[in-house]
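Please read these remarks beside the model, point by point. They are meant as a colleague's notes on packing and contacts.

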Amino acid sequence: MANIKLTNINKSYGSHHIIKDVSLDIKSGEFIVFVGPSGCGKSTLLRSISGLDQVSSGTMEIDNAVVNDVPPSKRGIAMVFQSYALYPHMSVFENIGFALENQGLPRAEIKKKVEAVGEMLQLTTYLTRLPKALSGGQRQRVAIGRAIVRGAKVFLFDEPLSNLDAALRVQMRMEIAKLKRDLPNTTMVYVTHDQVEAMTMADRIVVLQAGRVMQVGTPMELYENPNSVFVAGFIGSPKMNFITGKPADKLKAKTIGVRPEHFEFSKTATDISGTLDYTEVLGSDSFLYVSTPTGMLTVREPGRTQYKTGQKLHLKPIAEHVHRFGPDDNRL
Amino acid sequence: MFKKFSLEPSRIALNLAVLLIIGLWTFPTAGLLISSLRDKNDIAASGWWTALSSANVNKKTHLKDMADQVEKDGKFTISGNVFEGADAVSGKVSAFGTKVQAPGENAAGANAALDGGQSLVVNPDGSYVLSSPTAFTADNSGIRVFYISSQPPRFTLENYQTVLFSEGIGRSFINSLTVTIPATIIPILIAAFAAYALAWMKLPFRGLIIAIIVGLLVVPLQMSLIPLLKLYNAAGTFMGVPSKTYLGVWLAHTGFGLPFAIYLLRSYIAGLPKDLIESAQIDGANDFKIFRRVVLPLCFPALASFAIFQFLWVWNDLLVAIVFLGSGPDQLVLTGKLNALLGSRGGNWEILTASAFVTIIVPLTVFFSLQRYFVRGLLAGSVKGG
Amino acid sequence: MTAQILYAFFTVLLGVGGCFGYFYGSNWLLDRTFPANANNDASAVRNLRIQANIRPWLFLGPALLLLSVYLIFPVIQTVYLSFHDRAGDKYVGLANYKWAFYDDQFRLSIFNNILWLAVVPALCTLMGLIIAVLTDRLWWGNLAKSLIFMPLAISFVGASVIWKFVYDYRGEGQQQIGILNAIVTYFGGDPQVWIALPFWNNFFLMAILVWIQTGFATVILAAALRGIPEDTLEAATIDGAGPFKIFFRIMVPQIYGTILVVWTTITVLVLKIFDIVLTMTNSQWDTSVLANLMFDWMFRGGGDFGRGAAIAIVIMVAVLPIMIWNIRQANAEQKGH
């Protein structure tokens, strides 16, 4: 059981201000996902929690103890790297057991623990192999096994699925979700640039942009009540439509946001009219790209669409799903 | 690669051109190897390139005398073989004669008429028959015969026996090993630790230290000799030990080899994945352990490259050895010995060629068996000044 | 003999063991003095930080010490000696340099060195490039390259014996056993004492270094050639370029950097050339170069450290531009990381 508390964390490399005054409270046993575009500082923040990077200012607490000056190995954390960072010259057994060996545990105990983890992750038959003889998914599991075997209170994941192909990624997503169920007391912090991973796995999501926390909340909170244009645009696929001008003015907003599934078609002319430029048919859904005076809008229709390219369309947002944003791009 | 971009009109011309270049490049070494296996008289008598073909030699011998004559059907014959006897050589007779002016007067197997009705046949295998209608007397038997024999190529290991056991090359060989092995291993260890520190550890002035080391790559070695010699003498006097010791030469070779070693290894170690090092840090390994368990096994190829370089450099070095080691038999290394032989036995090619081959056989073996690593090292560190 | 081998064995063991002992011992001592293993309390954390501050210097220490003693100290000492008299006691200002400037032998050595610099790097690089291009297209190209590469493994002394044998001279009428004179006499010429021919003997010595170093140039350039993207060559063919145009306009510009590296590397080597002259002619017959001249002043005829040191400084100043270039290259490489 360990909570993580960040208070006014700042981090600079020379003149580059990477993390700007980040405060965050991560509860014990929670699965937190840091998400944001590349360069937003999410990996740096994770590395600051791990101790691989030192923070420039602010307080970092793990399990109610200030750890600013504590080296990584003494923070009670485990980390799964994007590249897995398996030691290529050591067998799976040695890879998993390396941390225990460093703690000076007796050989028999190391063997017992490694074998238990191997069983849990279905790696028993691979323990004597070298990493290069494993598939991508198996390597991923070894990397997770290395974290589990130490009984760390906090697991840190740095984009662990980005090296896998699409099918394997879905499978590993489920395995990590299962891991979370099996280890309910372990706090997990997960970094990704993929909002789908964030939505499917997180208890809470932290959206970062340019070194600042934009919003913290459960996936559905972020989806339904994004507090800024940035979060609204980042969460959800396809992206939310942003409309300015007359339709927004009517609702006393600078910008209004409407998700593609939240449009209705009208027979008569509306504020938002345009021509159908292009259609993507996916089978389950169709995406209609409509060219309007306020810009290109995306509309989702279930199943097939009856509309033809070049046809004039009249769109009407569903009132209760319209998001209103003020001049500072924040929610009204 | 650019098989389609022929620079030559035909591939035959290309093959011939490359063969010619290779011939040019290997000919000198081939001469050394072949000569070292030849008889010392042959080396001085003919060029080594003739060693593989049969050589024609003029010889003479005395035929058997009257005691061996046989009478048959009123004719007297003496038979035997020219290759029997003290100075005989095995070979093939191509021609013979009885006058010193014309040693090849008669072809082998032909019947030569001699004075007094005698006739002589010498066959290619050396057997001869001397016949006469009258009995041989002491005056007309035991005559001299000249013949031209073509000798097959002869090779011998005698030169090697001589240089290894009586010229002191064997002893020098061991001295060379005594210098070379530690002078290869010590710099590897020291440089690998330093390279790791410069690649992955937090320390002040890191950039400056790296720049200085790169700069030291091109300091001429000869420049260091005088100050070091003075230092060695002072240290020797101060501690009451001889100034010319194996320890001294190891440290000298280590010092001179370090810039290149650190340069080569640092660029390799810095290229290892950052995640691996950090993962080991999180796993609770300290830098000594990370170095031993993670970095050292992974930078084996770079270590091997440098080891070969340093081995060849130390084994082939003459200057450092003659300055920092004595010239007594217990310290003189192979290159030094060879250099001394060049002075003292300048004309004795059988000694020089065999000695030279003994000195180059070890580097050549190392080179051909570990060429892959050697080339890799060359590519990685082609700024080495030599 | 057995005693000698045993002695050698134990000496080797002692040297290598001592080195291992230092690294294991010093790190063990550090871990022992500031324990930080099992427990996680504040003292362990503090000890870890102390370890992290000390350990880099344990790793770097021996290297820095040896570099200082064997390279940095001698450089400083040599500069000092070059301004002092033969025994190194009295300050003489620039007298040693002035002497060198007017000394015939020094001028000759400089001339010879320049001759070497003009010929050897160019010839090695050119031959290397030609061989690399030719062998690249042969299935037995690698074998060919390693045969040309082989002399690089041979010591200068060994090479000298090999080439003395090539240049060997016997009086007229005798059968020549040196291949060069044999060829010359076969074609009706007179045998020559090649290494004693004034001026031209320099080139016979250079041939040895070219023989040794061409393999180096070949291997590096062959690797660079293989690194040229094939599509640029294919594009050039489609654009209608002939083989020579492809070579000079497409291939050479792409490996220009490598050619420069090979050239400068051999240039540094030539500036320091010593062994070949020592073993082939011992600086006789006007073949002296700077390094040999320095060696003679330092170690022969009683020695004049001041003059020797001045010559050493001249060599180093000549090498200096390449040293700066090297540092720049290394820095650029580091920024690229």
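1. In chain B, 8 residues of domain 1 are in contact with 8 residues of domain 3, contact being defined as heavy atoms within 4.5 Å. The division of chain B is into domain 1 (11–51), domain 2 (55–151) and domain 3 (160–380), with bounds that come from an automatic or database domain assignment. Taken over C-alpha atoms, the centres of domain 1 and domain 3 of chain B are 32 Å apart.

2. This is a predicted model, in which local features need pLDDT of at least 70 and side-chain atom pairs count only at pLDDT 80 or more, whereas totals for chains, interfaces and linings use all residues. Residues are numbered from 1 along each chain as its sequence is written, chains are lettered from A and ligands numbered from 1 in the order in which they are written, and side-chain values use heavy atoms, with hydrogens and water left out.

3. Between them, domain 1 and domain 3 of chain B bury about 670 Å², 83% of it on carbon and sulfur atoms; buried area here is the accessible area (1.4 Å probe) that two parts lose on being put together, summed over both. On the side of domain 1 of chain B, the residues that lose the most area to domain 3 of chain B are B:Leu32, B:Ser36 and B:Ile43, which together make up 59% of what that side buries.

4. Between chain B and chain C, 121 residues of chain B are in contact with 116 residues of chain C, and the area buried is about 10,900 Å², of which carbon and sulfur atoms give 78%. The count here is 7 residue pairs in polar contact, both at pLDDT 80 or more, and 0 salt bridges.

5. C:Asp275 is placed in helix H12 (residues 275–280) of chain C, helices being DSSP runs (H or I) of at least four residues and strands (E) of at least two, numbered from the N terminus. With a relative accessible area of 12%, C:Asp275 is buried, since buried means under 20%, exposed over 50% and partly exposed in between (1.4 Å probe, protein chains only). Leaving aside neighbours within four places in sequence, C:Asp275 is in contact with B:Leu318 and C:Phe156.

6. A:Gln215, in strand S10 (residues 212–217) of chain A, is also buried, at a relative accessible area of 10%. The side chain of A:Gln215 reaches the backbone oxygen of A:Asn225 at 3.1 Å, and a polar atom of that side chain lies 2.9 Å from the backbone nitrogen of A:Asn227. Among the residues that A:Gln215 touches, not counting those up to four places away in sequence, are A:Ile205, A:Leu222 and A:Val231.

Note on methods:
Salt bridge = Lys/Arg side-chain N within 4 Å of Asp/Glu carboxyl O. Polar contact = N/O pair within 3.5 Å; in protein donor to acceptor, adjacent residues only side chain to side chain.
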